[in-house]
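Keep the structure open alongside the text.

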Amino acid sequence: MIYTNQEIYLGFLERLVNLTHTEVFDHDSYRVLLKDICEYYRIAKGVTEFYPTQRKELLKQGEIFCDFDNGKGEKVLYRYRFITRAKAVIIGTIYVEDNGETWSDEELEQLDVMFRVILGFVSRMRLIRTLEDFGFHDIDGYYNFRAFARFLDIANTENRLGGMVTFHIDLHNFTMVNAEISRQNGDIVLKNYYKMLCDVIGETGIVIRLGGDKFIGIFDRKVKRKVFNLFSGVPVAYDNKNEKFVRVSAAAGVYMLPNPYMLKSPGDIMDKIMLAGNAAKLQTESAIIIFDDKMKKEKDRVKKVQTEFRDGLEKEEFHVYYQPKVDLQTRQLKGAEALCRWFRNGKIIPPLDFIPILEINNDICDLDFYMLDHVCRDIRRWLDEGRDVVRVSVNMSRKHLVDVDLLEHIMEIIDRNNVPHEYIEIELTETTTDVLFRDLKRVVCGLQEQGVWTAVDDFGMGYSSLNLIRDIPWNVLKIDKNFVPKQVSEEDTIVNKMFKHVIALAQDIGLECVIEGVETIDQLDVLRLNNCFIVQGYFFDRPLPVPDFEYRMDRKVYPEE
C-alpha cells in the first residue's frame, strides 16, 4: 500500500502523541520514531537544549541533547525557542545536508507541528527532572534533607533499614582550611570529600549536606570500616595538577539501627545522631561516638534541666555566691567573683550539672543577666547600708558576643540599679575566631569608656594569643591555676619561666593579675616569688553565701596563715 505524504505525517503524529502520553515512557520506541521522522524528512541532525532559567541560558549552563545525527550535515533548516510557564528555556534545532534538496511548504509546516510536540514533551520531561533536582538537592548540588527523608521512607517500606548505620559528621577546623587555602579551594575539598563518602557508601545508602561542613547519611554495615576511616581522617585533593592536599577528619555521631527496625519518623534518627555528634565535637579530633542508652538518659537530663531552668529563673532559685579575692601583701579583701548556685527542691544543683547545658543554647545569656542584676541589687543595698564595698566580677558567656546590643544590655542593668560603674567588673573568656575577636574588642572597649572594669577569664587554659592582651584594653588578667607552677623548686622549668614572663609582661602593660584556684602554701610562695599578689581560691575562702560574704567584707582583713 502506498501512503500519501499527509497519511505518513498523520501516522508520525499519532505515534508521537501516543508515546508522549504514556505513563511509562518507552525510550527505544521514541528513538525509532525520531529516526523514522528524520529519515523521511531528510534531516541530518536534531538537537534540543534545555536551560532551567534564562540566566542559565546566557551562561550556557544547561543540557544539550543530540536526538539524531547521521553525520551528513550542519546546515540549520529550522530553529525554535520558547519559554515555559516555569521560565525554563527550550531550544530545538534541525540541521540538514549542505547541498540537500529543498522542502515544500507543506513539509515545513508538518515539521513545525511535530517539532513543537517533541519540544513540548522534552520541556515536560526536563522540568520534572529539574523539579526533582531542586526538590532533593541544595543550591550547590548536594543531596538535601528531603532526599534523606525520601531514602528512609523507601527503605522503610522495603523493610531494609534494620542493621544499617546512620551518622552525623561535623568536619574539623574547616574554617581554618578555608583561611589557609581560600574558600574556593575549600569548596573543592568539601565536594571531593563528599564524593569520597558517596563512592564508599554506594547506592545502598545516601549522604546529604545539612549546611556548611555538616553532613548526615546512612549506609550498609558492610562498609562501616571504610566509612569510619574517612571520618578518622584522609588526604583530600584540591589541586590534582600540582598534587595539593589537605587532611580532612570529622567529629562523627553514629547510631546503629537495630535489626529489625521500623522507622517512626526521621526525627527519631536525627535526635540520636545529633546527640552523639555533639558529644563527638567535645572530644579530641577524629572522635567517633556511637549512640547508646547512656546518651538517651543524658538527653533526657538535658531536656529536664532546660525545662526547669525557666521555672527556676522565675522563682529566683538561682543564688549569688561570692568568692573573695585577697591581696597577699596586706591580706585585705580586694574584691570578689560572683558565682551561681541553683537551689531546687531543697537541694543544690552543682554548676557543672547545669551550666554546660545552658551553654548549648542562649539560656546561659539569660542567667548571666539575672546574675548581673542580682549582684547590682546587692551592691546597691551594701552602699545604702554604708558598707565598704569591693568590686565584684560577673561572668559573661562567649555566647553573648553575637548580641550587637550586649554593651547596652549590660549598662542598662547597672544603671537601672543605680550602681557606680567602678564597682562592676565583667569577665569574658578568650575567643577562637577573628569575628568573635572583633566583637570581644568592641564590647571591652565600650565597657572601658563607661568606666566598667573588664577581665579576661581563664587566661592560659586555651591556646591563648598575646594578641588578646595586646589589642584589647583589659583591666584584669585572670590566670587559671593550671598555668601556675606547683612549687618554688620548679623555678627552672618551662612552666615556671612562662608564668614568670607572662606575669611580668601583663604587669608592665598595666594589667592587674588575679590567680584563680589557689589552695596551698606552696602556691602562695610561687606567687610571692613572681610578684603576683591578688589571689582567689579555697586557701582563703570557698564561694560564700551573701551573709557570710558580708561578714568577710565588714572585717576586711584575713588572719595570717
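Strand β5 is joined to strand β7 (residues 214-219) by 6 bridges, and the two run antiparallel. Strands here are DSSP runs of E with at least two residues, helices are runs of H or I with at least four residues, and both are numbered from the N terminus. Two strands pair if DSSP finds at least two bridges between them.

This is a predicted model: local features need pLDDT of at least 70, side-chain atom pairs count only at pLDDT 80 or more, and totals for chains, interfaces and linings use all residues. Residues are numbered from 1 along each chain as its sequence is written, and side-chain values use heavy atoms, with hydrogens and water left out.

**Pairing of β5**
- In β7, His 168 has Ile 216 as its bridge partner.
- Strand β5 (residues 165-171) is also joined to strand β10 (residues 250-256), by 7 bridges, and this pair runs antiparallel.
- In β10, His 168 is partnered by Gly 253.
- Val 165 has Met 256 as its bridge partner in β10.

**The sheet**
- The open sheet has 5 strands in the order β6-β7-β5-β10-β11, with mixed pairing.
- β6 (206-211) and β11 (288-290) stand at the edges with a single partner strand each, so one side of each lacks a neighbour in the sheet.
- On average, neighbouring strands of this sheet are turned by 20 degrees against each other, direction ignored.

**Burial of β5**
- Buried means under 20% relative accessible area, exposed means over 50%, and partly exposed lies in between (1.4 Å probe, protein chains only).
- One side of β5 carries Val 165, Phe 167, Ile 169 and Leu 171, the other Thr 166, His 168 and Asp 170, and all are buried.

**Helices α10 and α12**
- Helix α10 (residues 293-314) packs on helix α12 (residues 363-384) at an angle of about 20 degrees, with the axes 11 Å apart.
- Axes are lines fitted to C-alpha atoms, for helices over the stretch in contact, and angles run from 0 to 180 degrees between N-to-C directions.
- The two helices are therefore roughly parallel to each other, a term for angles under 35 degrees.
- Gln 306, Phe 309, Arg 310 and Leu 313 of α10 meet Asp 363, Asp 366, Leu 367 and Tyr 370 of α12, where contact means heavy atoms within 4.5 Å.

Notes. Parallel < 35°, antiparallel > 145°, perpendicular 65-115°, else oblique.
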